[in-house]
Amino acid sequence: MNWRTIIYVVLLVSLTVAKALPRTSQDVEGKTSIGQRFTQLHENNFKAIALIMFAQYVPGGTFGKAARMAEQVTALARSCAAAARDSPDCLKPLDRIFFDTICQEKNLPRIADCCAKEDSERNDCFLSLKNFSQGFIPPLERPDAEAACRNYSQHQQPLTAYFTYEVSRKHPFLPAPTILSVALRYEEMMKRCCGGAEGPSQHLEECFRTQAPKVVKPVREDALRQEHTCGILKKFGERTLKALKLTQISQKFPKADFVTVHKLVMDVADMHKDCCRGDMLDCMRDREDILQYVCSNQHILSSKIQQCCEQPVLQRSECIIHVENDDKPADLSPHIREFIEDNGICEHFAQEKDTHLARFLYEYSRRHPEFSTQMLLRIGKGYEDLLQECCRPGAPSGCCSRGEEELRKHIYETESVMRTSCDIYNEKGDYYFQNELLMSFTKKMPQLTSAELIKFTKEMTTIGSKCCQLGQDKLLRCAEENLDLVLGEICRRHLADPINPGVCRCCSSSYAFRRPCIGKLEVDESYVPLALTPGLFAFHGDLCTTEEEKLQHRKQEMLITLLKYKPQISPEHLGSVTAAFSAMRERCCGEANPEACFLKEGPELIKRSEKMLSA
């Protein structure tokens with residue numbers, strides 16, 4: 001059976017895959033054998049999961065070696081299921097079998113040290129290779145249309161399996177269900193564009209241009225969300241991750257009681273710990289257990305997830321994540337004054353601090369689906385600070401009552417920031433709104449490259465186009481939660497290559513306050529501006545391009561350079577320089593020889609601008 005058929009079968013079979021896989025070596029020792037696993041999973045599921053595992057654990061290998069190791073493990077499982085149940089190899093835990101298979105393969109990069117270790121230490125070593133591999137493998141790109149269709153029609157290589165391998169090695173922490181789902185979308189794209197038996201589509205390049213993003217974009221988004229969650233866990237710890245999940249689950253399931261929500265929070269946090277660590281087997285098992293619990297308890301969780309739970313298991317998780325929040329209970333009071341007015345709150349806070357704070361966050365979150373999770377976490381932190389102050393000996397009576405006023409002030413300030421940003425976006429549009437962001441972030445983070453600044457501000461502009469058209473009940477949550485993903489990218493960039501002390505403080509001090517902190521950053525005083533060299537501002541004929549997108553990109557690069565040269569430039573001076581540049585461009589692009597014009601006019605513009613800025 002070829003790999004393409006295997007991918008299809010694995011997508012159609014319920015993920016008993018996850019349930020059948022072992023959680024740890026200790027769980028399977030003397031219990032379920034690889035033969036029994038093979039029988040539970042069926043050969044096609046077993047083989048596909050094996051390919052993903054070998055691609056993720058040995059990202060520096062080749063497709064041929066990963067496929068060969070997958071075939072080898074599958075053959076062992078098949079023989080163990082058939083007759084050789086008592087063979088020593090058949091009694092090994094599944095994870096040990098996988099690592100033994102890798103260690104038997106010759107000429108695989110960077111595995112010798114891992115293979116010299118035993119069991120759990122060996123597992124940890126292979127997990128460290130996953131971390132090492134990230135950033136050394138180029139991202140997924142749109143395939144060459146003609147070559148892809150030629151391979152597809154001739155069946156000279158198992159394209160879908162090869163694509164699965166490539167996604168797996170490029171994203172070593174991406175869960176197997178996500179990868180298999182992407183493989184199905186890839187197969188659908190190949191069928192649509194290459195035309196199957198009828199031959200290739202008449203507009204091959206156009207087909208791939210429109211269809212490839214549908215394949216690649218979900219991979220990037222899923223990988224970004226997972227990297228973001230793992231970044232929070234790594235930087236801010238398990239307590240912050242649990243608080244984040246508590247707000248999200250409380251908003252999603254406002255009818256569920258605290259005990260049920262707390263159980264889900266613990267289970268989801270444990271799942272993320274396994275997934276972020278790279279333990280794919282445990283990650284899959286955890287995910288399946290959570291889905292089974294949620295779908296088995298719909299009556300106490302939500303009336304909105306029935307359709308999700310009727311879908312194949314592979315699609316359930318994504319469906320539940322994106323399904324709208326359940327309606328709040330009809331008898332849910334709008335306020336939670338007992339957390340302010342109850343005489344016993346200080347006693348509860350002293351005796352069971354985390355549980356008391358969790359109950360407050362649960363009650364507040366389920367009442368406010370319109371708030372972002374980050375804002376809810378800030379409210380929770382504000383409540384904790386309030387109790388720490390008001391529950392100390394000698395605190396004045398009525399101390400806690402001022403918390404309501406502070407809360408209203410914070411909500412108003414947050415909503416005002418989002419409204420102001422949307423007002424600017426709606427007034428200026430995508431390009432000029434991004435320019436406003438570029439001016440702000442180049443001053444805050446001049447150490448970033450032009451490409452990075454343009455990328456991050458482009459993502460923020462996309463958030464404006466997505467969220468600023470929404471009503472007030474959805475605007476805040478949409479804007480801040482999406483912005484949080486971009487700020488997470490910036491902070492991971494800082495972690496890999498430090499930007500400046502201000503960014504360090506904002507990315508390290510508090511997850512909940514990261515957005516307000518970065519928003520308040522001003523010009524980085526530690527930055528040494530660029531020196532004015534002959535090549536710093538270069539004006540060429542490419543400024544006369546009729547392709548608006550290329551021209552805008554070129555102008556943004558020049559804007560960034562100007563701000564790195566003069567970080568303290570005033571809006572008035574910036575406007576004057578911009579106007580002078582636009583006049584020069586219009587004049588030179590009207591000449592028969594624009595390049596010669598820029599060569600003459602460019603230095604004059606720089607000289608006049610420098611004189612004005614130095615005045």
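This is a predicted model: local features need pLDDT of at least 70, side-chain atom pairs count only at pLDDT 80 or more; totals for chains, interfaces and linings use all residues.
**Entry 1: R515 and E480**

I started with R515 and E480, whose side chains meet in a salt bridge at 3.2 Å, N to O. My cut-off for a salt bridge is a side-chain nitrogen of Lys or Arg within 4 Å of a carboxyl oxygen of Asp or Glu. R515 lies in helix α27 (residues 514–520) and E480 in helix α25 (residues 472–496), so the pair ties together parts that are 35 residues apart in sequence. I take helices as DSSP runs of H or I with at least four residues, numbered from the N terminus. R515 is buried at 12% relative accessible area, and E480 is buried at 1%. Buried means under 20% relative accessible area, exposed over 50%, and partly exposed in between, with a 1.4 Å probe and protein chains only.

Residues are numbered from 1 along each chain as its sequence is written, and side-chain values use heavy atoms, with hydrogens and water left out.

How many salt bridges does the structure hold? I find 42. I looked up K273 and E238, which form one at 3.4 Å, N to O. K273 sits in helix α14 (residues 258–277) and E238 in helix α13 (residues 204–252), so this pair also ties together parts 35 residues apart in sequence. K273 is partly exposed at 31%, and E238 is partly exposed at 28%.

Next came E166 and R169, with their closest N and O atoms 3.1 Å apart in a salt bridge. The two are 3 residues apart in helix α11 (residues 159–170), about one helical turn. I also noted a network of salt bridges linking D89, K92, D100 and R122.

**Entry 2: rings**

I then turned to aromatic pairs, and the structure holds 19. Rings of Phe, Tyr and Trp (its six-membered ring) pair if their centres lie within 6.5 Å; planes under 30 degrees apart are stacked, over 60 edge-to-face, and the rest tilted. F99 and F126 are stacked, at 4.8 Å centre to centre and 10° between the planes. Helix α7 (residues 94–104) holds F99 and helix α9 (residues 119–133) holds F126, so the pair ties together parts 27 residues apart in sequence. Both residues are buried.

F360 and Y383 are stacked too, at 4.0 Å and 10°.
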